[in-house]
Structure formats: C-alpha cells, structure tokens
Amino acid sequence: MQIYLPIAEVSVNAFLLLGLGGMVGILSGMFGVGGGFLMTPLLFFIGIPPAVAVATEANQIVASSFSGVLAHFRRKTVDLRMGTVLLIGGLIGAALGVAIFNYLKSLGQVDLLIRLSYVVFLGIIGSLMFVESLNALRKSAKGAPVPTRRKHNWVHNLPFKMKFRTSGLYISVIPPALVGVFVGILSAIMGVGGGFIMVPAMIYLLGMPTKVVVGTSLFQIIFVTAFTTLLHATTNFTVDMVLAVLLLVGGVVGAQFGAQLGARLKAEQLRILLAALVLVVCGKLALDLLLMPSNLYSIGTGGH
Amino acid sequence: MLRLVLMLILLVLPAQAEEVVADLSQDRVAITTNFDGSEILIFGAVKREQAVDDTAPLDVIVTVSGPSEPMTVRRKDRVAGIWVNTAAVEVDAAPSFYAVATTGPLTDILSETEDLRHHISINRAIRAVGAPEDVTDSPNFIQALIDIKLEDETYQTLEGAVELTDETLFSTRVALPANLREGEYATRFFLIRDGDVVDNSETTIFVQKVGLERLLYNLAHQQPLMYGLLSLFIAIAAGWTASAVFTYIRS
C-alpha cells in the first residue's frame with residue numbers, strides 16, 4: 001500500500017515503514033538505544049530526503065523510548081536520579097554540540113566528519129564491548145565466578161557525592177554529568193539519541209548495573225529527542241507526521257517485545273548482541289567510505 | 001520607426017498557416033494520502049485556415065515541466081583512501097519533473113536553434129550558468145544530473161510516443177510519478193516542420209495536495225510549534241497505548 005508523505009513529498013510503501021519501525025523498536029526496547037543510528041541510514045536508503053529523515057526519526061524515537069521506558073518503570077529498572085543528572089548534562093552538551101556543528105559547517109565537509117565520527121565511535125565502542133562481554137561470557141561458561149567490575153576507581157574520589165539508590169551507587173555527580181555533556185555533543189553532531197554511547201558509558205565508566213542502564217538511558221533519550229523534534233519542527237519544518245506515525249506504530253509495538261526479550265537474556269548476552277550490532281553498522285559505514293560508489297555523482301537540493 | 005519595422009516584418013511573414021489546439025484529460029492533479037502517480041492524456045488537433053506547403057512532414061512535441069528549483073550536483077573522489085565529495089556544480093534551475101514526448105527522434109525533427117530558443121530538450125530545459133573555477137568539466141555534472149533523474153523517471157524522453165493521425169489529430173500519455181512535487185506543471189505543445197517551430201501553445205496542470213496532506217503541510221508551515229507539539233503528543237500517546245495494551249494482555 002503506497003502512502004504519500006506530505007512533508008517528505010515522496011510516496012512509500014506503508015508496510016515497509018511499519019516493518020522498519022517494528023525492527024528498530026525491538027532493538028530499542030532490548031538495548032536501550034534509540035535506534036536512530038540504524039533507522040536514519042535506512043530511511044535515506046528508501047528515498048526519504050535526509051533532512052526529513054533525521055527530524056522525523058527523532059520524533060519516532062520519542063515514541064519507542066516512551067513505550068520502552070514504561071515497561072522498565074514497571075520493573076523498577078529506571079534510576080530517575082541518575083537519569084536527571086545525565087539529562088542536565090545532555091541538554092548542555094546538545095547546545096554546545098549545535099554550536100560545534102555550525103562551526104564545522106562553515107569549514108565545509110561536515111558530512112564526511114559525521115560519517116567518520118560514526119565509524120570511529122561505533123568501532124571503538126563496539127569492539128571494546130564485544131571483547132569485554134566475550135571474556136565475561138567465557139568465564140561464566142567455565143563456571144568460574146564472574147568478577148564484579150571494579151567498584152572503586154578514580155571516579156569515586158570526586159566531590160559532590162550523591163546516592164543513586166536504584167543503581168546502588170554512591171558517587172560524585174561530576175562523572176555522570178560529564179558523560180551527559182559528552183553524549184549531548186555527539187548526539188547533536190551525529191543526529192542520534194546517543195544511546196549507543198550512553199549505555200556503554202554508564203556500564204563501564206559509572207559502573208551501573210546493566211539492567212538499570214537500559215531504562216535510565218531510555219528515560220534520558222525521551223527528553224533529548226523531544227527537544228530535537230521541536231527544534232527541527234520550528235526551524236526547518238522537516239518533521240513528517242505521517243511518516244512518524246507509520247514508524248512509531250511499528251516502533252512502540254516492537255519496543256514492548258524488545259523489553260521482554262531483553263529481560264530474558266543474560267546481561268553478558270545482551271551486551272555482546274549490542275556490540276555485534278554496533279560493529280555491523282560501523283562496518284557498513286566504513287565500507288561506504290572505502291569502496292568506490294556506484295555513482296560518483298549525487299544531487300543535493302538547493303544551492304550553497 | 002519601430003512601427004514601420006513591425007509592419008515590414010508582418011508583411012514579410014506569411015500569415016499563421018497552422019495552429020495547435022490542445023487539451024488535457026485533467027488539468028488538476030490532487031495528491032491524496034494514497035496518491036500513487038497519475039496518467040494524463042494529452043490530445044489536440046492542428047487547425048489550418050489555408051492550404052499549407054506540406055513537403056516537409058509535420059511533427060508534434062509535447063513537454064510537461066514541473067516547478068524548477070536550484071540544485072547542487074556533487075562528485076566524489078578518492079582522498080587518502082576514502083571517497084569524499086570534492087567537486088560541486090550548482091544548477092540555477094532544473095525542473096523537478098520533465099517529460100518530452102515527440103512523434104520521432106528529437107534530434108531529427110528539431111533544429112538546434114529552435115531547441116535553444118524554446119528550451120525543449122531536457123538539456124536545454126536545465127538552466128546552469130557558470131561553474132566554479134576548480135571544475136573544468138561542468139557538462140559531465142549536468143549529464144550526471146540528467147542520468148540520475150532519467151533513472152528514477154522524474155525525467156522522461158518519450159520519443160515516438162505522440163501519435164499523429166493524418167497530420168491533424170495527435171495524442172499522447174504522460175505518466176506523472178508518485179513522487180510528485182506540488183506546483184504548476186507547464187504543458188507546452190509545438191508543431192514542427194523542417195526543424196522549425198511552426199506554432200506553439202501552453203497550458204498548465206495544477207498539482208495540489210488535498211485533504212489530510214494539505215492540512216498537515218499547512219499546519220507544519222504556519223503553526224510549526226503546534227505541529228511539533230502535536231507530533232510529540234502523538235508519539236507519547238502511541239508509546240503509552242502500546243505499553244498499556246501489552247500490560248493488559250500479560251495480566
């Protein structure tokens with residue numbers, strides 16, 4: 001069934017969009033990532049103009065994250081306190097990120113920079129997680145007790161300590177706020193929610209339990225992407241409501257399934273799957289940069 | 001002086017011998033939610049007030065042209081092992097849609113000068129002036145633009161698609177694709193003899209979003225904050241509904 005999208009001004013298959021939304025929704029509920037780093041390139045691929053794809057994707061992430069976070073609220077796996085600290089950092093970071101983005105734009109080649117940062121960050125995070133969770137999995141398979149991650153590193157010697165009861169942490173607010181700022185900057189530049197950076201940062205840097213990480217990440221993503229949606233809608237008029245509805249109907253249903261699937265998997269398995277996914281996307285983007293494109297020419301709308 | 005010149009010209013030129021009279025099966029295309037392209041039947045006749053010199057055969061060209069817009073064509077090159085956009089040529093105005101239907105091969109029936117004057121072929125319908133100094137082969141960029149647009153059928157060359165009966169009645173069909181832009185689509189008719197345009201006329205197809213499409217488009221542009229908040233509301237409501245439904249199913 002073909003549907004004409006009023007803002008994107010293209011006609012697309014409605015079932016294809018429902019399917020894509022569902023697939024990304026499952027990943028969202030399972031791993032606590034918004035799925036923007038997967039969905040946005042997919043939307044480009046089916047012919048949605050990039051500006052519309054980025055803006056509408058932000059709107060869809062709001063829906064699937066909200067659906068996912070409710071499931072996590074019921075299981076009490078959302079650390080609201082930690083989420084708020086991360087969010088405050090995130091909004092500051094997003095504002096900084098927009099400024100950096102505009103500066104890079106004035107230098108030209110911002111597209112290349114976005115792609116390169118995708119490859120670099122996805123590559124580093126993906127391989128680190130993959131190796132770490134593979135080791136953890138191997139140790140638990142041998143029957144040896146899984147060593148608890150270091151609970152005391154430099155992170156725990158900073159001032160402004162705060163109790164994060166849900167995460168079982170008593171740490172300074174400085175590291176989570178900095179993580180928020182850093183993710184905010186990256187998400188503004190790369191046009192994603194930032195879950196795929198946030199999740200590993202919470203696990204490895206802050207030492208939060210994996211089960212709490214997913215819900216908390218989703219909680220924070222809702223606000224960042226809602227902010228982004230409004231920004232795009234009011235400045236560029238690029239949010240396509242019809243496209244968003246089709247994507248989010250699939251997305252919210254998928255997120256529910258994803259949250260259930262995630263609850264059944266072990267933390268190590270969950271991490272290794274996310275790592276594999278991140279590496280696949282990274283590999284695809286790297287190949288795009290390295291292999292000769294089938295058509296060297298491309299059309300962009302508008303002048304400079 | 002000017003009047004004298006005009007009179008002389010009128011005396012020298014023969015009276016218009018052939019005229020084109022044409023119409024469309026529909027001059028309005030409504031883009032609805034399930035819009036999946038539209039086919040326009042274009043037909044007409046050649047009106048003759050007096051006998052004409054018919055040693056050269058008559059040919060008919062019909063063009064349909066969507067709203068023009070500036071575009072940038074970029075070319076990738078390998079820099080330090082990776083493919084990067086290195087060169088770009090700006091096109092001042094290229095139609096978002098262009099179809100040219102003819103009774104025969106365009107280059108055979110139309111002279112280069114007439115093509116230049118009336119901008120009939122796809123190449124001439126695209127307006128590009130100048131290229132940046134670092135680009136020496138701007139025609140390649142224009143050709144690439146045309147190739148890409150021909151590929152996705154927003155540009156169409158329909159040679160031989162116009163049926164001409166007894167050098168009087170003609171008809172053709174132009175398929176407007178599903179990915180149609182809103183706007184006025186200029187439809188032009190040319191009568192050609194011996195490479196020269198004998199007569200031409202023009203009409204317009206109005207392509208407009210209607211119903212929900214119109215409503216959303218207007219809201220997005222006139223009340224952007226409302227539109228953004230509404231989008232967020234839908235997202236939150238959908239997320240909550242899905243969650244509630246799933247909780248209900250499980251309990």
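How are H9(A) and H7(B) oriented relative to each other, roughly parallel or roughly antiparallel? Residues are numbered from 1 along each chain as its sequence is written, and chains are lettered from A and ligands numbered from 1 in the order in which they are written.

Let us start with confidence. The predictor gives the complex an ipTM of 0.76 and a pTM of 0.74. For chain B, the mean pLDDT (the predictor's confidence in each residue, from 0 to 100) is 84, and 92% of the residues score at least 70. Where pLDDT is low, the predicted coordinates should not be read in detail.

Now to the place where the chains meet. Counting residues as in contact if their C-beta atoms, placed from the backbone, lie within 7 Å, chain A brings 47 residues and chain B brings 47 residues. On chain A, the elements that each supply at least two residues include strand E1 (2-4), helix H5 (110-142) and helix H9 (241-264). H9(A) gives the most, with nine residues. The side of chain A that touches chain B divides into 31 nonpolar, 14 polar and two charged residues; here Ala, Val, Leu, Ile, Met, Phe, Trp, Tyr, Cys and Pro count as nonpolar, Asp, Glu, Lys and Arg as charged, and the others, Gly among them, as polar.

That brings us back to the opening pair. The axes of H9(A) and helix H7 (residues 224-250) of chain B, which are lines fitted to C-alpha atoms over the stretch in contact, come within 9 Å and cross at roughly 25°. The two helices are therefore roughly parallel to each other, a term for angles under 35 degrees. Among the residues making this contact are Leu248(A) and Val252(A) of H9(A), and Ala238(B) and Gly239(B) of H7(B). By class, the contact has twelve nonpolar, four polar and no charged residues.

Finally, chain B itself is assigned domain 1 (15-208) and domain 2 (210-251), with bounds from an automatic or database domain assignment. Their centres, taken over C-alpha atoms, are separated by 40 Å. Five residues of domain 1 are in contact with four residues of domain 2.

Notes: Predicted model: local features only at pLDDT ≥ 70, side-chain atom pairs only at ≥ 80, totals over all residues. Contact = placed C-beta atoms within 7 Å. Helix = DSSP H or I, 4+ residues; strand = E, 2+ residues; numbered from the N terminus. Axes fitted to C-alpha atoms, helices over the stretch in contact; angles between N-to-C directions. Parallel < 35°, antiparallel > 145°, perpendicular 65-115°, else oblique.
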